[in-house]
Amino acid sequence: MTGALVLGECTIGLGFLVPGESGLLIASAAVTDLGFFFLLASVVAVCAAVGDNIGFWLGRRYRLRMRETKVVRKLGQHNWDRAGNLLRKWGIGAVLLGRFLPVVRTMMPAAAGTSGMSYPKFMLSSLVGAIAWSATHVSIGWLAGASAKYIEDALGRASWVLVAVVVAIGVAVWLKRRRRAAKQAEVAAAEPEDIESAA
């Protein structure tokens, strides 16, 4: 499911609709050990790279017409132009960098295809970027999940301590009132005797 969300986000046209990064962070919070970490990070990296490849070949197929498509207009032509500027300035490094930039991440592969970048160069930088991005986000989600569990455990222990303190205070107040009532009863019982002695 997480891989499908990431694939959708990384494929031009779906990145606007599919919250792949959010879904990835939520799924990563469930990571409990290194085996699951590597499995999730690998699936996500592969799906991200496949999504990039779809975008690249769409860009290669439609070239400059991509900028005028409904999808690109919806995502923002300024983001398309930003991806193109990054490509002109950094080349394959832009594909790697673009992986970490929201929206540009969706545009970059198609922009790379449009720019005429060679496929082997694109594939290499896309794969390295996908692995780095996946490992980073799965790590963040895992750490956030571990922190949340720690806080939940701490709050669980704290709540028991709080319940014990409240119960202790309640018992102390009850005992104090009971003693006061007993003392008042003694005083009330002693008053008639004092009156009789005075008489």
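Guide: The dialogue below takes up the cavity, the pocket, the cores and the aromatic rings. This is a predicted model, in which local features need pLDDT of at least 70 and side-chain atom pairs count only at pLDDT 80 or more, while totals for chains, interfaces and linings use all residues. Residues are numbered from 1 along each chain as its sequence is written, and side-chain values use heavy atoms, with hydrogens and water left out.

Visitor: How many cavities of 30 Å³ or more does a search of the whole structure find?

Guide: Rolling a probe the size of a water molecule over the atoms shows where empty space is left. On a 1 Å grid over the protein atoms alone, a cavity is a set of points where a 1.4 Å probe fits but cannot get out, whereas a pocket is an open set with protein on both sides within 12 Å along at least five of seven lines; lining residues have an atom within 4 Å of a point. Points are joined across faces, edges and corners, and a volume is the space filled by probe spheres set on them. Here the search finds one cavity of that size, and the largest cavity holds about 40 Å³.

Visitor: Which residues line the largest cavity?

Guide: Its lining includes Asp-52, Val-95, Arg-99, Arg-105 and Met-108. Helix 6 (92-98), helix 7 (104-115) and helix 8 (119-198) each give two or more residues to this lining; helices are DSSP runs (H or I, at least four residues), numbered from the N terminus.

Visitor: What is the volume of the largest pocket, and which residues line it?

Guide: The volume is about 170 Å³, and among the lining residues are Arg-67, Trp-80, Asp-81, Leu-87 and Thr-114. Helix 5 supplies the largest share of the lining, five residues. By class there are four nonpolar, three polar and three charged residues, where Ala, Val, Leu, Ile, Met, Phe, Trp, Tyr, Cys and Pro count as nonpolar, Asp, Glu, Lys and Arg as charged, and the others, Gly among them, as polar.

Visitor: How many residues has the largest nonpolar core?

Guide: A nonpolar core is a set of buried Ala, Val, Leu, Ile, Met, Phe, Trp, Tyr and Cys residues joined through side-chain atoms within 4.5 Å. Buried means under 20% relative accessible area, exposed over 50%, and partly exposed in between (1.4 Å probe, protein chains only). The largest core has 19 residues, and those with the most contacts inside it are Trp-80, Leu-87, Val-95, Met-108 and Ala-112. Helix 7 gives this core its largest share, six residues. A second, separate core of nine residues includes Ala-41 and Ala-130.

Visitor: How many aromatic pairs does the structure hold?

Guide: A pair of aromatic rings is described by the distance of the centres and the angle of the planes. Rings of Phe, Tyr and Trp (its six-membered ring) pair if their centres lie within 6.5 Å; planes under 30 degrees apart count as stacked, over 60 as edge-to-face and the rest as tilted. The structure holds four such pairs. Phe-56 and Tyr-119 form a tilted pair, 5.5 Å centre to centre with 55° between the planes. Phe-56 and Phe-122 are stacked, at 4.4 Å and 20°.

Visitor: Are Phe-56 and Tyr-119 buried or partly exposed?

Guide: Phe-56 is buried, at 0% relative accessible area, while Tyr-119 is partly exposed, at 27%.
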